[in-house]
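Dear colleague,

Please find below the structure I am handing over to you, with its sequence. My findings follow it.

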Amino acid sequence: SASPPPSASECVGGVPMTSPAAAADALFAAVFGEVPSIRVSAPGRVNVIGEHTDYNGGFVMPIAIEKRTHVVGRVHAGGTLCRVVSTDTPDGKVVEFQGTREALRRGEPAWVNYVKGVVAQYIDDIPSPGASFDIAVSSDVPLGGGLSSSAALEMAVAGFLEVGYGLRVDPKTRALRGQKCEHDFAGVPCGIMDQMISSCGQKGHALLIDCIPPFETTPVPLVDSSVAFVVANSNVKHQLDGSEYPTRVRECKAAAAVIRKRFADASNTEGEARLRGATMGELLACQDALSPLEFKRARHVISEDMRTLDAVEAFRRRDYATAGRLMIESHNSLRDDFGVSTVELDALVEIATSVDGVYGARMTGGGFGGCTVTLVRADRAPALIKTLEVEYARRTGKQPTCFVTKPGPGPILSRYPFALVGRNRTLVSTLIVVGVAVACALTISRARGGQ
């Protein structure tokens with residue numbers, strides 16, 4: 001399995017691109033010869049603190065970012081043919097599959113498995129004989145950057161199906177369906193965080209998520225204009241369906257089982273053992289029964305839960321010095337105890353924390369590459385980005401991609417006005433021309449990149 005298709009570039013061959021939303025509209029018109037009737041977008045996310053705690057039943061505090069995945073299209077009655085195209089597939093090829101329970105299976109190209117997987121979670125709600133639609137996808141959520149491009153695609157497709165088939169699905173259920181898609185169709189045993197923040201995000205707020213049922217969420221206001229989050233992409237792509245991620249999951253489960261066996265009240269006593277609720281004292285008491293790696297993995301999770309709850313209170317009282325210190329401690333624990341950082345991520349954190357006005361920084365996402373997030377005084381964000389670009393290139397020979405973000409909203413679901421969809425032939429023609437131009441520009445850019 002692999003991650004979703006690459007995100008839409010801001011420039012193609014040096015020429016500024018249209019927005020992902022406009023690019024999706026244009027591609028749909030160019031490929032399918034009509035204007036889409038439904039548009040849905042869903043955000044990526046950056047996790048401020050609380051890493052590798054979600055699948056351990058712990059706490060996380062992500063924000064929905066302003067970069068989004070856009071899905072536009074039409075549903076068709078009475079059939080089962082599903083056609084999908086993306087602005088960023090290498091050849092712009094339309095992928096077809098049958099939208100029936102029996103036919104929905106993993107296959108190639110791998111990114112379409114995220115679409116198939118979501119359809120599979122909704123298939124019982126869709127009228128017989130099954131799902132049938134045409135969709136175009138475009139995104140500016142970086143691929144493999146630890147910003148949940150997969151969850152953004154899943155939640156956008158889920159929203160498309162809800163609008164197209166008139167389904168009423170609450171945001172938490174939508175998130176759980178996306179998680180099941182990830183498990184079954186991408187082979188990633190992820191927790192609930194990525195889908196939950198993409199589905200339930202609130203503008204101007206982080207979301208404290210309790211990652212055990214019923215998955216309570218608590219908005220944390222982040223509206224102070226004097227501070228900002230800077231995301232720095234190391235441009236070392238990660239892939240979570242390899243051996244490292246499932247290995248961490250197994251190590252945490254093994255530690256949780258030992259602690260529960262010795263301390264009946266340390267964690268959940270029903271179902272699968274989790275590290276949620278275990279204390280550092282209980283972990284130390286079980287150290288002789290754990291492998292060195294199991295002990296370190298559990299130590300990270302238990303301490304990270306405490307840091308996350310402390311960070312929530314620090315952000316609420318606008319104590320950014322404390323919040324920043326907790327972010328740095330989180331990174332150090334992910335590096336030393338959980339073993340998911342990289343030389344590049346460590347460099348970005350070291351560079352960021354040397355800049356005046358920075359409160360704290362840490363790797364964010366699953367690790368093994370991806371991004372860092374830095375809490376900084378807003379007026380110092382440009383200086384931080386400049387320093388990151390210069391120093392990271394000097395240290396690693398790679399160029400980071402940096403951007404400032406604020407907490408954005410969750411999915412945005414809409415239908416196009418009937419008059420626009422059914423009657424505006426001029427708009428269709430215009431979109432087709434734009435779509436052809438976009439496709440040509442992408443082809444030229446990729447050809448140049450291959451030289």
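Of the 451 residues in the chain, 58% are buried, where buried means under 20% relative accessible area, exposed over 50%, and partly exposed in between (1.4 Å probe, protein chains only). Please note that this is a predicted model, in which local features need pLDDT of at least 70 and side-chain atom pairs count only at pLDDT 80 or more, while totals for chains, interfaces and linings use all residues. Residues are numbered from 1 along each chain as its sequence is written, and side-chain values use heavy atoms, with hydrogens and water left out.

The chain has an accessible surface of about 17900 Å², 53% of which belongs to carbon and sulfur atoms; such areas come from the Shrake-Rupley method with a 1.4 Å probe, and for residues only the protein chains shown count as cover. The chain contains 13 helices and 14 strands. Helices (H or I, at least four residues) and strands (E, at least two) are DSSP runs, numbered from the N terminus. Among the contacts with a separation of 6 or more, 73% join residues 24 or more positions apart, a contact being heavy atoms within 4.5 Å.

Helix packing

Two packed helices are described by the angle between their axes and the distance between the axes. Axes are lines fitted to C-alpha atoms, for helices over the stretch in contact, and angles run from 0 to 180 degrees between N-to-C directions. Angles under 35 degrees count as roughly parallel, over 145 as roughly antiparallel, 65 to 115 as roughly perpendicular and the rest as oblique.

Helix α10 (residues 343-353) packs against helix α11 (residues 381-396) at an angle of about 140 degrees, and their axes are 9 Å apart. α10 is therefore oblique to α11. Their crossing is right-handed; a crossing is left-handed if the near helix is turned anticlockwise from the far one by less than a right angle, and right-handed if clockwise. From α10, the contact involves Glu344, Ala347, Leu348, Glu350, Ile351 and Ala352, and from α11 it involves Leu384, Thr387, Leu388, Glu391, Tyr392, Arg395 and Thr396. By class, the residues of the contact of α10 with α11 are seven nonpolar, two polar and four charged. Here Ala, Val, Leu, Ile, Met, Phe, Trp, Tyr, Cys and Pro count as nonpolar, Asp, Glu, Lys and Arg as charged, and the others, Gly among them, as polar.

Helix α6 (residues 244-262) and helix α8 (residues 292-316) have axes 8 Å apart and an angle of about 90 degrees between them, so α6 is roughly perpendicular to α8. In this pair, Arg248, Glu251, Cys252, Ala254 and Ala255 of α6 meet Leu293, Glu294, Arg297, Ala298 and Val301 of α8. The contact of α6 with α8 comprises six nonpolar, no polar and four charged residues.

For helix α3 (residues 149-164) and helix α5 (residues 193-200), the angle is about 50 degrees and the axes lie 9 Å apart. α3 is therefore oblique to α5, and the crossing of α3 and α5 is right-handed. Ala151, Ala152, Glu154 and Met155 of α3 meet Asp194, Gln195, Ser198 and Ser199 of α5. The contact of α3 with α5 has three nonpolar, three polar and two charged residues.

Two buried helix residues

Glu304 lies in helix α8 and, at 0% relative accessibility, counts as buried. Not counting residues up to four places away in sequence, Glu304 touches Ile49, Gly50, Glu51, Thr53, Ser330 and Arg362. Between Glu304 and Met327, 23 residues apart in sequence, the C-alpha to C-alpha distance is 9.8 Å.

Leu334, in helix α9 (residues 320-336), is buried with a relative accessible area of 0%. Leaving aside neighbours within four places in sequence, Leu334 is in contact with Glu51, His52, His300, Gly339, Val340, Ser341, Arg362 and Met363. The C-alpha atoms of Leu334 and Gly367 are separated by 8.5 Å, while the two residues are 33 residues apart along the chain.

Backbone features in loops

The peptide bond from Ser128 to Pro129 is cis, with omega near 10 degrees; Pro129 is in the loop between α2 (112-122) and β7 (133-139). The bond from Pro213 to Pro214 is also cis, with omega near 10 degrees, and Pro214 belongs to the loop between β8 (205-210) and β9 (217-221). Phe215 is found in the loop between β8 and β9. Phe215 has a phi near 60 degrees, a positive value in a residue other than glycine, and is buried, with a relative accessible area of 12%. Phe368, in the loop between β11 (358-364) and β12 (371-377), has a positive phi near 60 degrees.

Yours sincerely
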